[in-house]
Every structure is written in C-alpha cells, then in structure tokens.
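Biologist: Can you put the model up? I have a few questions about the fold.
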Amino acid sequence: QVNEIRSFGLPVILVGDYGQLPPVKAEMNPWIAEPDIILSENFRQNEKSGIIPAALEARQTGFPRWGWHGAGTCVVSASARPDVMDAMLPHRMPPGPQSRVICLRRDDRFNANLRIHGELFGSMPLAVGSRVMALSNSSRMILKPDGNGSWRDAGWNAYVANGTCGTVEFIRSIGRKIADVGVRIDAGNLYESDASPVVHALISL
C-alpha cells in the first residue's frame, strides 16, 4: 500500500513504534526495521523509572540483565537468583508507585510477592499498606470518608484497567478466600486523570 501511494508522486511520512515486536511468523516491514529517523527522548515514563532502561537493554542485547535498572526503581526478577530476590526486599526497594518488578513467569511474580509481603506483614494474608494490582478491566465504586471513621459510596465509579496498581487503604473484612477492602489507586493510573481515589475492591487471597 505504501508503494501504491508513492506511485502517485505523493510524499509519505510513516510513524511507528521502532521497538515493537515483529508480526508472528512474518518479517518486520522495512520502514520500521530501518527507519530514517529515530526519536529517542522519553516523554512517557518518569525519568527515575527503571522500566525504560530495562526495555532498551532488552531491545539492544536481547535480554535485560538480572538486578537493578535505572534509578533503583525497577528489578528484573528470576526465582533462581536469590541475590536478585534480595534486591526487592523493602529495606532496599521501598514498596510504592515508584517501584517496579518485572517477572518473566507467573511463578516468579508469585514468589516475589510472597517474599516481599512476608517481610512487611509476616503471616498476615493482607494488611493496610499492601500493594495490589487489578487483574481485569472493571468499573469500581469510588468511596469517600463519612466523617465517622468509615467509608461510603461517593456516588460515581472509576474505570480501573487491567494492571492498575494501588495500596490497601482500609480493610472491611477478611474471609478465608476473599477480602473486602478499599484501595487507593496510584496517581496517574486512571484514564486521563491524575486523581488518586479510593475504590471498593474484593481481593482473592
């Protein structure tokens, strides 16, 4: 299609993601594989994020090294490397929106979460301050304090996307398999908003 348009003598500017993966069982088109101009300045992620350096290293070498990336806010995890697991412990990598752990497998993520949670909260299945992540897209009820130490429906919802992170603000109840909690969404995680509301959530234990 590009060559068809060019056959009319029209100038064509193609804009794409130079870092994207090639199609399955196909070659990357030549315009993305060998662009004339590459924009390399990062505008999307915070300068202190280690995600961009890890991604660039993966692009350039084929695999990011185990351990720290960037300003100490991103760790690539492997369960077979105890020293890397130690790098994620709270005294070295305080939990919060500024910290990220990249896991290659689901088991690695489970082991990392278990280790970090155990260091912070011991054997408690969930606690105020626990970091949690949404595993599906959903509309969540926004809560607000009622002035008596409880929280109530604020009258509107927030769209929470898969992968959105937050911190447990309060716990209403903990059952054998489900916890009824309020989660404060990390600022900037909601679509077109820098708000950090508390939303209602049911968390699987």
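Biologist: What share of the contacts comes from residues 24 or more positions apart?
Modeller: Among contacts (heavy atoms within 4.5 Å) with a separation of 6 or more, 45% are between residues 24 or more positions apart. This is a predicted model, with pLDDT of at least 70 needed for local features and 80 or more for side-chain atom pairs, while totals for chains, interfaces and linings use all residues. Numbering starts from 1 along each chain as its sequence is written, and side-chain values use heavy atoms, without hydrogens and water.

Biologist: Which residues touch the most other members of the largest nonpolar core?
Modeller: Leu126, Val132, Val168, Val181, Val183, Val199 and Ile203, out of 16 residues. A core here is a set of buried Ala, Val, Leu, Ile, Met, Phe, Trp, Tyr and Cys residues joined through side-chain atoms within 4.5 Å; buried is under 20% relative accessible area with a 1.4 Å probe, protein chains only.

Biologist: And which strand gives the most to it?
Modeller: Strand 8, with four residues. Strands are DSSP runs of E, at least two residues, and helices are runs of H or I, at least four, numbered from the N terminus.

Biologist: What box do the C-alpha atoms fill?
Modeller: Roughly 70 × 45 × 30 Å along the principal axes.

Terms used:
Buried means under 20% relative accessible area, exposed over 50%, partly exposed in between (1.4 Å probe, protein chains only).
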